[in-house]
Amino acid sequence: MPQPNSVRDFKTMKPETAVNLEEIISLEERYQLATYKKMPIVAERGEGVWIYASNGERYLDLYGGHAVAATGHCHPHVVRSIKEQAGRLLFYSNLVYSEARAHAAEKLVAIAPASLTKAFFCNSGTEANENAMRMARMTTGREKVVSFSGGFHGRTADAISATFLGKYRELGKPNVPGHLQAEFGDIDSVRALADEFVAAIMLEPIQSMAGVRRAEPSFYRALRELSDERGIVLIYDEVQTGVGRTGEWFFAGSEAGDRVVPDIITLAKALGSGIPVGACLVTETIAASIKENDLGTTFGGGMIAMAAVTATLEAIEDDGMLENVRSIETYLRERLKEIEQVVAVRGRGFLLGLEFAEVAKPIHAALLDHKIITGTSSDPNVLRLLPPLCLKREEVDVFVEALAQLMKISPRLSLGEDYQQIATGRAKPFRTVRRRSR
Ligand SMILES: Cc1ncc(COP(=O)(O)O)c(C=O)c1O
């Protein structure tokens, strides 16, 4: 029988109806700030690429809870490690040494490009980016930061000020001064801004939320050269691309990025398989500019998070997930050729953007009706896939066949009132979406 979490829950929840879907939804809506548009799923349990809802239905999760569930939901090795650590010591801060922290730092540095030799642990992606920018300012003695159109870096003050995607910066007003916007992929626009007051150039090497946008390999090389020439710290925000998502441990050092390695990589999301943890990986030069007390956070490097980091990296390695990402990406791309409405497949590994000729939101909603979770993006025509790194061929088949069926029944789903009905669950997509003649 479910236990009430608080006196309030106790008063409002009848135990025998606690599994009642509507009651859970209405409780959450009543007591949690409505900052997210939620899917009508009460997630109860997860296994691999599947999420089981409390009404008994199961969903193929091609979104991984915002790219977090890289090792799959509840990977046994990760769960076991967290449980074991929880039985020994839940937490102690950086004022003491810890075996869990020592191993996590060693493992993370071991898989990183060779020039990144030290880790700083924090709790989230935005915090990793805040600390990365602070380290760049401390190292250079300069203040400005160049970031890019379409980039997303988080929602705390400095990170949101570096976020030029959509209206996020507006939400963060008043912004931190000294943030400059260059055009993603256009080195001349960076060159024009990169003066002697610029501390850092920060980018998502593949811009995920902007619709999975990549630049030419030569762009990354030019950024590296420009940074070296002008004494600027190059930061890759690998909160999404890191920890195996592209089929390699990091975008940094990959062929797609002309083997360029930045001065700092920031990580979060997949790093703890769902336990909140962020990290900055830095060079010796950056590390040498950071003294005691320059950075800090109570929970950074906590034992549970550290056990989760080590187990996550081990699980990816032991299960051959990097190879799996590369081979399944090839298979998925091949199969998607069967669907003519998919006009392009952007991205790399399991950070993929399926570009449609028309708006993708109705397709997202209709797939959800088929019990398949995907993601949208700020490009209305792009559907994002960020599945666990253990996705298999059979599961790709489930997705492609559902998509093919959907496209056959309704080849040109259009956005309008019908979609609103689908999205709110008030109508079945296939019966209600308008079909346009071709
Ligand atoms: C590329 C990128 N950077 C930073 C962040 C912020 O991470 P967090 O939500 O953990 O603060 C996100 C989150 O979506 C992200 O996608």
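Ala-100, Arg-101, His-103, Ala-104, Lys-107, Leu-108 and Ile-111 in helix 5 meet Met-303, Met-306, Ala-307, Val-309, Thr-310, Leu-313, Glu-314 and Glu-317 in helix 12, where contact means heavy atoms within 4.5 Å. Sorted by type, the residues of this contact come out as nine nonpolar, two polar and four charged; here Ala, Val, Leu, Ile, Met, Phe, Trp, Tyr, Cys and Pro count as nonpolar, Asp, Glu, Lys and Arg as charged, and the others, Gly among them, as polar. This is a predicted model, in which local features need pLDDT of at least 70, side-chain atom pairs count only at pLDDT 80 or more, and totals for chains, interfaces and linings use all residues. Residues are numbered from 1 along each chain as its sequence is written, and side-chain values use heavy atoms, with hydrogens and water left out.

Back to the two helices: helix 5 (residues 99-111) packs against helix 12 (residues 303-318) at an angle of about 40°, and their axes are 8 Å apart. Axes are lines fitted to C-alpha atoms, for helices over the stretch in contact, and angles run from 0 to 180 degrees between N-to-C directions. Helices (H or I, at least four residues) and strands (E, at least two) are DSSP runs, numbered from the N terminus.

Six bridges link strand 13 to strand 14 (residues 351-356) in the antiparallel sense, and Val-342 has Phe-356 in strand 14 as its bridge partner. Strand 14 also runs antiparallel to strand 16, joined to it by four bridges, with Glu-355 opposite Val-382 in strand 16.

What covers strand 16? Both of its faces are covered, with Val-382 and Arg-384 on one side and Leu-383 and Leu-385 on the other all buried (under 20% relative accessible area, with exposed over 50% and partly exposed in between, using a 1.4 Å probe and protein chains only). In a regular strand, side chains alternate between the two faces of the sheet.

Technical notes. Pairing = 2+ DSSP bridges.
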